[in-house]
Amino acid sequence: MAKAGDGAPRSNKRQATRRLCRRVTPEAEHRFKARAAAAGFENAQDYLAGLIDGDIQLHEAARMNLIRALGDLGRIGNNVNQIARAANEGRIRSIDARSADVLDALRNKIEELRQEIREALG
């Protein structure tokens with residue numbers, strides 16, 4: 001380990017002499033930890049370090065969540081289409097006209113949400 005004054009660089013840990021603090025409510029702490037987990041971090045400290053170091057940005061984590069949601073909606077929409085197709089082909093006998101209308105409305109809403117997400121992603 002290098003000693004101070006011998007010209008060798010000090011370790012990153014020893015160079016980090018400042019501490020950033022902020023008091024939060026238990027609810028805010030819970031939300032922050034949930035965002036850290038959603039962004040794929042094992043703990044909130046690593047997430048915070050990534051934010052401070054500029055390795056990640058809040059909008060990038062939100063963008064990744066939107067991309068995941070878009071994929072999930074696509075899979076759900078595919079399932080709804082399969083159900084509707086099976087009903088139209090007579091393979092499902094228990095679907096009445098009202099249920100078919102619900103499926104159509106659901107399919108339309110899913111596509112609406114997917115379009116909104118695509119627009120938000122640019």
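Predicted model: local features only at pLDDT ≥ 70, side-chain atom pairs only at ≥ 80, totals over all residues.

User: What makes Glu111, Arg114 and Arg118 a network?

Analyst: The three are linked by salt bridges. A salt bridge here is a side-chain nitrogen of Lys or Arg within 4 Å of a carboxyl oxygen of Asp or Glu. For Glu111 and Arg118, the N to O distance is 3.3 Å, so that pair meets the 4 Å limit. Residues are numbered from 1 along each chain as its sequence is written, and side-chain values use heavy atoms, with hydrogens and water left out.

User: Why are Glu111 and Arg118 called partly exposed?

Analyst: Buried means under 20% relative accessible area, exposed means over 50%, and partly exposed is in between (1.4 Å probe, protein chains only). Glu111 has 38% and Arg118 has 31%, so both land in the middle class.

User: How do you know that Lys33 and Glu29 form a salt bridge?

Analyst: Their closest N and O atoms are 3.2 Å apart, which is within the 4 Å cut-off, so the pair counts. Both residues sit in helix H2, four residues apart, so about one helical turn separates them. Helices are DSSP runs (H or I, at least four residues), strands are E runs of at least two, and both are numbered from the N terminus. Lys33, at 44% relative accessibility, is partly exposed, and so is Glu29, at 39%.

User: What makes Arg91 and Glu89 a salt bridge, and are they buried or exposed?

Analyst: The closest N and O atoms of Arg91 and Glu89 are 2.9 Å apart, so this pair passes too. Both residues are exposed. Across the whole structure, the search finds seven salt bridges.

User: What makes the set with Leu70 and Leu73 a nonpolar core?

Analyst: A nonpolar core is a set of buried Ala, Val, Leu, Ile, Met, Phe, Trp, Tyr and Cys residues joined through side-chain atoms within 4.5 Å. The largest one has eight residues: Leu70, Leu73, Val80, Ala84, Leu103, Ile110, Ile117 and Leu121. Helix H4 (58-88) and helix H5 (97-121) are the elements that give two or more residues to this core. As a rule, nonpolar side chains in soluble globular proteins tend to be buried together.

User: Which residues does Ile110 touch?

Analyst: Leaving out residues up to four places away in sequence, Ile110 touches Leu73, Ile76, Gly77 and Val80. Touching is a contact, meaning heavy atoms within 4.5 Å.

User: Why is Lys109 labelled partly exposed, and where is it?

Analyst: Lys109 belongs to helix H5. Lys109 and Gly77 are 32 residues apart in sequence and 9.4 Å apart in space, C-alpha to C-alpha.

User: What makes Leu20, Leu48 and Ile52 a patch?

Analyst: Patches take residues with over 30% relative accessible area and no salt bridge; nonpolar side chains (Val, Leu, Ile, Met, Phe, Trp, Tyr) are joined within 5 Å, and like charges within 9 Å. Together the three residues make a nonpolar surface patch of about 300 Å², with areas from the Shrake-Rupley method and a 1.4 Å probe, where for residues only the protein chains shown count as cover.

User: How is the pattern α-α-α-α-α backed up?

Analyst: The protein chain has five helices and zero strands, and α-α-α-α-α is how it reads along the sequence.

User: How many residues score at least 70, and where is confidence lowest?

Analyst: The scale is pLDDT, the predictor's confidence in each residue, from 0 to 100. The chain averages 83, with 88% of the residues scoring at least 70. Confidence is lowest in helix H1 (residues 12-15), at a mean of 70, and highest in helix H2 (residues 26-38), at 91.
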